[in-house]
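Subject: Structure for you to look at

Dear colleague,

Please find below the structure I promised to hand over, together with its sequence. Once you have had a look at it, read on for an account of what was found.

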Amino acid sequence: MSIASRLPAILLLGLVVLAAALLIAGYGAAIGIGVIAGMLLGLGAILAFLAMRPHTSGGSSISLLSSSGSPAQSDHERIQRQHLAWMRVAGVDASALRHVLAAGEMVEAAGVRVELIAVEIREHGGVAMMVAHTHPPVGQTGHFVEVTVADDARTEYAAAGQGSGGGNVGTSRYDVRFAPAPPSGATVLTIRIESFAAPYPVPEEQIDGPWEFRIPL
């Protein structure tokens, strides 16, 4: 038997003990009966509340915090994913430079024009430099970039993107890092931005694409 099912009996026992204590202490029968009546009304209110709660086969609970699907938890998970991905690619730009691919490509979707300026291929990975442009009613793109990187050699890449600063209103600059470096057998590198997001209480918002670039190696 659960604690919730035993609650009425526990409360009733408490009422009897309290009333008996008042009578013994000399407060009189009137006060003891009044206490019992008041507590019974409170018990009735509790039982009515429990009866109105929806019943589910798996049980339920009341929480004053955000639910599992709340924006707060979603933002927290996004930050964790970005942090883990960034840790895997953070040192890419410190490795030796192999060569630079001058892209100069542009893709527009969801009211956002994304320009791929160039891609640095380094010993331990690569860095893609991008610029995103928006104009009203589309707001400023967020600081975080949800991005994937692939090639025709089926290399498994870790990738993460963040704002690099230096932008004006409606313009944001980004660095997208990925690891490892493309292998010698790969001929095409694909960088696909799924969304721009800002998991903080700022005027920015999440904007979904995708924006995809295919760069010959």
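Let me begin with Arg 122, which has its place in strand E2, and please keep in mind throughout that this is a predicted model. Arg 122 has a relative accessibility of 14%, and because buried means under 20%, Arg 122 counts as buried. Its side chain is joined to that of Glu 120 by a polar contact of 2.9 Å. If we leave aside the neighbours within four places in sequence, Arg 122 is also in contact with Val 92, Asp 93, Ser 95, Ala 96, Leu 97, Arg 98 and Ala 181.

Although Val 100 and Val 119 are 19 residues apart along the chain, their C-alpha atoms are separated by 5.8 Å.

Next comes the nonpolar interior. In soluble globular proteins, nonpolar side chains tend to be buried together. Here the largest nonpolar core has 26 residues, of which Val 114, Met 130, Ile 191, Phe 196 and Trp 211 touch the most other members. At least two residues of this core are supplied by each of E1, E2, E3, E4, E6, E7 and E8, and the largest share, 5 residues, comes from E2. Apart from this core lies another one, of 7 residues, among them Ala 85, Val 92, Ala 158 and Ala 179. As for Ile 191, the residues that it touches beyond four places in sequence include Val 119, Met 130, Val 149 and Trp 211.

Finally, how many aromatic pairs does a search of the whole structure find? The search finds 3, and one that deserves a careful look is formed by Tyr 157 and Phe 178, which are edge-to-face, with 5.8 Å centre to centre and 85° between the planes. This pair links distant parts of the chain, for Tyr 157 lies in the loop between strands E4 and E5 while Phe 178 lies in strand E6, 21 residues apart. Both partners are buried, Tyr 157 with a relative accessible area of 14% and Phe 178 with one of 0%. Elsewhere, Tyr 174, Phe 196 and Trp 211 form one aromatic cluster.

With best wishes

Methods: Residues are numbered from 1 along each chain as its sequence is written. This is a predicted model: local features need pLDDT of at least 70, side-chain atom pairs count only at pLDDT 80 or more; totals for chains, interfaces and linings use all residues. Side-chain values use heavy atoms; hydrogens and water are left out. Rings of Phe, Tyr and Trp (its six-membered ring) pair if their centres lie within 6.5 Å; planes under 30 degrees apart count as stacked, over 60 as edge-to-face and the rest as tilted. Helices (H or I, at least four residues) and strands (E, at least two) are DSSP runs, numbered from the N terminus. Buried means under 20% relative accessible area, exposed over 50%, partly exposed in between (1.4 Å probe, protein chains only). A nonpolar core is a set of buried Ala, Val, Leu, Ile, Met, Phe, Trp, Tyr and Cys residues joined through side-chain atoms within 4.5 Å. Contact means heavy atoms within 4.5 Å. A polar contact is a pair of N or O atoms within 3.5 Å; within protein, one must be able to donate a hydrogen and the other to accept it, and residues adjacent in sequence count only if both atoms are side-chain atoms.
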